[in-house]
Amino acid sequence: MSELLLPPEHRYAKIINEKRNDDGSEYSILNLGPTHPATHGIFQNILLMDGERIVEAEPTIGYIHRAFEKIAENRPFYQITPLTDRMNYCSSPINNMAWWMTVEKLLDIEVPKRAQYLRVIVMELARIADHIICNSILGVDTGAYTGFLYVFQFREKIYEIYEEICGARLTTNMGRIGGFEREWSNEAFRKLDVFLEEFPVAWKEFENLFERNRIFIDRTVNVGPISAESAMAYGFTGPNLRAAGVDYDVRVAQPYSSYDDFEFIVPVGKSGDTYDRFCVRNAEVWESLSIIRQALAKLPEGPYHADVPEYYLPPKEDVYTTMESLIYHFKIVMGEVPIPVAEIYHPVEGGNGELGFYLVTDGSRTPYRLHFRRPCFIYYQAYPEMIKGSLLSDAIVILSSLNVIAGELDA
Amino acid sequence: MSTKTNMVAPPEGVVGEGFFATKLNDVVGLARANSLWPLPFATSCCGIEFMATMASHYDLARFGSERVSFSPRQADMLMVMGTISKKMAPILRQVYEQMSEPRWVIAVGACASSGGVFDTYSVLQGIDKVIPVDVYVPGCPPRPEQIVDGVMQLQELVKNESVRRRNTPEYKELLASYNL
Amino acid sequence: MAIETALIQEKIAQKFANKASNFGMQKDIFSFEITSDSMREVILFLKEEEDTNFHFLTDLCGVHYPDNTIDQQFCVVYHLHNWIENTRIRIKTYLNGAQPEIASISDIFLSSNWMERETYDFYGINFIGHPQLKRILNMDEMVSFPMRKEFPMEDNGRTDKDDRFFGRTANC
């Protein structure tokens with residue numbers, strides 16, 4: 001049983017027994033338990049409170065540990081995408097594409113330009129979807145429910161685009177080694193165009209609701225600031241780090257999938273407080289929209305997948321008519337494909353920061369070791385430090401602005 | 001004002017001048033079924049589909065679930081959405097024990113129903129190992145329409161439930177089998 | 001503008017001559033191995049030395065090789081990154097299979113705190129000097145270390161799944 005019932009030897013109990021304030025009051029313990037209306041996901045924080053102020057916090061995670069890394073050691077390469085979906089489930093295409101890129105790096109496969117551009121489009125859509133959730137739920141936590149209801153309509157539109165591409169809404173399991181499983185339909189492009197017309201209007205209204213709103217500014221400015229040095233020491237990456245002033249973005253530092261063909265700026269904040277994190281995510285949505293427009297404008301013709309018959313499932317007509325396709329199909333499905341022995345680390349810019357896959361293979365059909373470098377897990381360590389001295393409602397707002405997703409935290 | 005609103009049909013009964021006589025079970029069932037207050041126990045991906053269900057496009061509030069209660073004492077139905085690991089199971093049980101009768105449980109998603117795709121050492125293979133479940137909604141994650149369908153099936157169950165069910169020996173035996 | 005791998009190799013070989021080995025480029029990351037007792041000094045050196053300046057710890061994880069000799073059964077892998085020169089580096093160290101332990105770097109890099117706890121939770125590697133080395137993702141009462149190769153993925157005590165249908169029987 002986790003620390004639900006605080007045993008008397010817990011160090012907080014000792015601190016309470018020893019310390020007494022000048023006016024005779026003492027500290028108390030509050031359990032911001034695993035199930036809480038305002039925490040997004042299940043993690044527990046035991047807070048040592050001095051009245052309304054938080055003195056110290058002790059987090060406990062692991063309430064949704066699903067042993068992804070253990071499962072990945074028992075699954076052939078195609079069956080690992082559903083696992084990657086379920087890590088950061090708000091932006092699952094990014095995780096999928098990151099996995100395929102890791103495998104392509106392992107096998108030295110060159111993906112054609114068209115597939116790379118399509119990947120960029122779907123990854124940026126996923127980033128928009130992730131930031132929609134984070135910012136609208138930050139609004140809900142400060143009491144503003146309207147923004148959430150309004151922009152969630154556009155998440156439905158993004159889901160419809162995913163459905164046209166791969167058939168699923170949330171956990172997309174998209175793509176194959178070397179590209180996509182099918183060419184995007186005209187309906188997908190049409191829906192994308194409609195989205196690109198309607199969403200900017202709505203996002204502008206959403207920004208106007210919050211960015212100069214007196215109440216929101218009071219609730220979020222100077223709440224949970226973190227300095228750039230502290231953020232780097234704690235391993236922050238992604239929007240949380242950029243809000244602190246450091247412009248590290250994996251898409252710029254180590255461009256993958258033709259990101260260097262596009263022009264975009266990396267928005268950076270100043271003080272790393274909640275308001276800056278909110279604004280950085282807002283600005284990133286605008287940049288993502290610009291990248292999608294550039295990719296659509298420059299989308300080259302060509303194949304939507306690499307020509308690697310040993311790893312890419314052949315089309316069904318060929319499987320039923322030609323011999324080699326039948327053999328390839330059989331070998332791919334049974335997992336008897338040639339896998340070199342290597343160690344790969346491939347990072348991408350996920351919705352929350354640098355999502356890295358460390359893959360060790362030994363030539364067999366399943367990875368020998370697959371480790372996920374999950375950004376949420378690493379930056380959540382700084383949470384107790386960030387809420388020291390703040391009020392309880394500020395702690396909730398800080399947690400919400402960090403965008404901690406439980407699936408990625410525990411994996 | 002639209003005239004196409006779908007009002008819930010009244011139960012069978014005898015209508016007269018200024019009175020309507022029906023069975024207590026029917027009236028209570030009708031009232032309970034159309035005002036189920038959910039307690040969303042959202043742990044992972046199914047929780048995001050629940051958020052989509054509660055949002056304006058699929059609007060679960062039309063079915064009476066307007067007030068989402070996070071306090072177990074004030075909720076009628078416990079919707080468990082997402083994977084429950086063994087570390088989380090005691091907490092789920094505590095939440096269920098705190099709910100007052102009558103209470104119902106919906107297991108949303110494959111993970112809550114049977115452990116889903118995670119057949120591992122740390123995942124509870126289905127929440128019916130620790131609490132009794134009324135409706136299972138399969139899917140990974142289920143579409144919002146499926147979640148709404150699950151709620152509607154629960155509404156059927158609630159409508160036809162007897163007022164005395166919670167005191168019957170069969171129900172007590174069910175709870176005893178879970179050590180509740 | 002990346003740091004020359006020859007420069008890194010020279011600096012490491014100069015300072016830790018007989019402890020470092022196996023220098024090489026693994027796809028696109030320069031990596032080498034070091035003995036476990038000097039890991040802490042190597043990381044401090046790489047962080048503070050001006051020419052290398054690997055100021056960011058990207059990742060820390062463990063790998064289990066039960067087929068190796070007893071001295072090399074656990075491997076701890078560190079990925080460091082220098083943002084200014086945009087260079088990554090991977091350092092590996094092998095630990096004894098019966099008693100894996102290594103010095104903790106949680107005071108050098110604050111982000112390694114939970115990563116070391118996770119590695120302890122999964123493999124049982126003892127990080128000496130860690131402020132709070134206890135389990136982080138699994139239940140506190142667990143006695144075994146689940147990511148080791150001998151530990152099965154499924155929970156053996158589950159009753160609702162018939163192993164014959166999953167191809168997991170004694171002779172499979």
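**The sheet of chain A**

Reply: In this predicted model, chain A has an open sheet of 3 strands in the order S1-S2-S3, with antiparallel pairing. Strand S1 (28–32) and S3 of chain A are the edge strands; each has a single partner strand, so one side of each is left without a neighbour in the sheet. Neighbouring strands are turned by 25 degrees against each other on average, with direction ignored. Strands are DSSP runs of E with at least two residues, helices are runs of H or I with at least four, and both are numbered from the N terminus. Strands pair if DSSP finds at least two bridges between them.

Let's start with S1(A), which pairs with S2(A) in the antiparallel sense over 5 bridges. Here Ser28(A) has Met49(A) in S2(A) as its bridge partner.

On to the next pair. Strand S2 (residues 44–50) of chain A is joined to strand S3 (residues 53–60) of chain A by 7 bridges, and the two run antiparallel. Within this pair, Leu47(A) has Ala57(A) in S3(A) as its bridge partner. S2(A) and S3(A) form a hairpin with 2 residues between them. Look for Gly51(A) in the turn: its phi is positive, at about 70 degrees. As you follow the side chains, remember that in a regular strand they alternate between the two faces of the sheet.

Now for the helix. Helix H1 (residues 11–18) of chain A lies across S1, S2 and S3 of chain A, with contact meaning heavy atoms within 4.5 Å. H1(A) runs at about 160 degrees to S3(A). Such angles run from 0 to 180 degrees between N-to-C directions of lines fitted to C-alpha atoms, for helices over the stretch in contact.

A word on conventions: residues count from 1 along each chain as written, and chains are lettered from A and ligands numbered from 1 in written order. Local features need pLDDT of at least 70 and side-chain atom pairs 80 or more, while totals for chains, interfaces and linings use all residues; side-chain values use heavy atoms, without hydrogens and water.
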